[in-house]
Amino acid sequence: MPEVIFFSRENPALVVALLILATCFQALADIGTATQTLNVVLIPAGKVSIPSGFSLTTTGTTFNAYRGTLRVSYRFRTAQGGGGSISLRAGSDFLPSGGPSIASGALVYSCGPAGLGVPCAGPQTVSTTLSTAVVAIQESTCTGGGGSCSAVDPATVELQFTLDNSPEYETGIYSSSLVFTVSTL
Amino acid sequence: MKQRFATCLSALTVMLMLAAAVHAQTFQPSGSTTISVTVAAEASLYIEDSTTTLSGGPLFSDYTGTTRFTYKIRTSQGSGTGSITSLVTADFSPAGGPSVSNPPTAGDALTYTCSVSSPATACSGTQTASTTAAQPVASFGANARSSRNGNSGQVNWTLTNDPLYATGSYSATVTFTVSAT
């Protein structure tokens, strides 16, 4: 079930709603009190948010490479002795056929600075069969709040994609899907 | 009392809807995105010989020489076309020797023939170089695509060897243009 960010100190509308609710029921009944102890166990977790799509473009008309940028947003909570990661894999090759091919190694990316964790090192070649690294998350860390956690929430990392522009490609519009997977230990 | 309670609930409903709208980004254990690219017609040209020297034989035989080039091209599927042309953008200088635009003898000319590799089609027959209008070197049809590293072509020059030319070194500039749709 998707986690919709709802309970946040940055959401003043919710605070107002709670105050209104308190006022509504105070108008109806006598007030009684009872106590109960609440316990919660926080387990490691990681989640990611990706734009629905992006395009690669070229400059000029002399076969300069196609380029594009994708911003990945993520949240993590890792345990002591644990860690986490985000990786990506192409869901399919570019379609229709006749154009660029991911299977031939034409699509690569590099990672910019990461708001939490260590971004991938060097250019990575996108694969339809193997996952490649995006971000590695250390143990005992978390997103947001500062201190031992990242200063920003969510954390982000930008991926710069480069696609070979070969004269052998037929003209047309080609697309593929990139699947991002989160893992935690 | 009841009216006050109904009013409270209405206000509560509005605030809860506003709270939900504040954060539209959805986080999940995995995510996917569509990556797309539009591949359009493109063309580029590389002249292998920055300088082509025309050499003449004895007894006023014509001067000849060859300019080699490599082209890359991708024309559109369906109705795309392409071309390579030549234009003398600077006539021979200094004065006193050959001239493309104003030769000392009518009939003196700088001409060429073309030789290109597929998918190009070479110009037909002998072409006369011009300083005013681009002349054909090669043409391309729809969905014409060169290899990744480009395909070869060359222009074979012939220049009239007129005895009226004063001795000396003369240079002209020829500009080749490639285009694709």
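What share of the contacts in chain A with a separation of 6 or more comes from residues 24 or more positions apart? It's 72%, with two residues in contact if their C-beta atoms, placed from the backbone, lie within 7 Å. This is a predicted model, where local features need pLDDT of at least 70, side-chain atom pairs count only at pLDDT 80 or more, and totals for chains, interfaces and linings use all residues. Residues are numbered from 1 along each chain as its sequence is written, while chains are lettered from A and ligands numbered from 1 in the order in which they are written.

View 1. Chain A has 1 helix and 11 strands (DSSP runs numbered from the N terminus: H or I of at least four residues for helices, E of at least two for strands). Along the sequence that reads β-α-β-β-β-β-β-β-β-β-β-β.

**View 2. The largest nonpolar core.** Here sit 39 residues, with A:Val48, A:Ile86 and A:Phe180 among those with the most contacts inside. A core like this is a set of buried Ala, Val, Leu, Ile, Met, Phe, Trp, Tyr and Cys residues joined through C-beta atoms within 7 Å; buried takes 20 or more other C-beta atoms within 10 Å of a residue's own. Strand E2 (30–39) of chain B gives two or more residues to this core, as does strand E10 (155–163) of chain A.

**View 3. Around A:Leu159.** A:Leu159 touches A:Tyr109, A:Cys111 and A:Val134, among others.

**View 4. An open sheet in chain B.** Four strands line up as E8-E10-E6-E12, with antiparallel pairing (strands pair if DSSP finds at least two bridges between them). E8 (121–122) and E12 (171–180) each have a single partner strand, so one side of each lacks a neighbour in the sheet.

Note on methods. Buried ≥ 20, exposed ≤ 12 C-beta atoms within 10 Å, placed from the backbone. Lists of a residue's contacts leave out its neighbours within four places in sequence.
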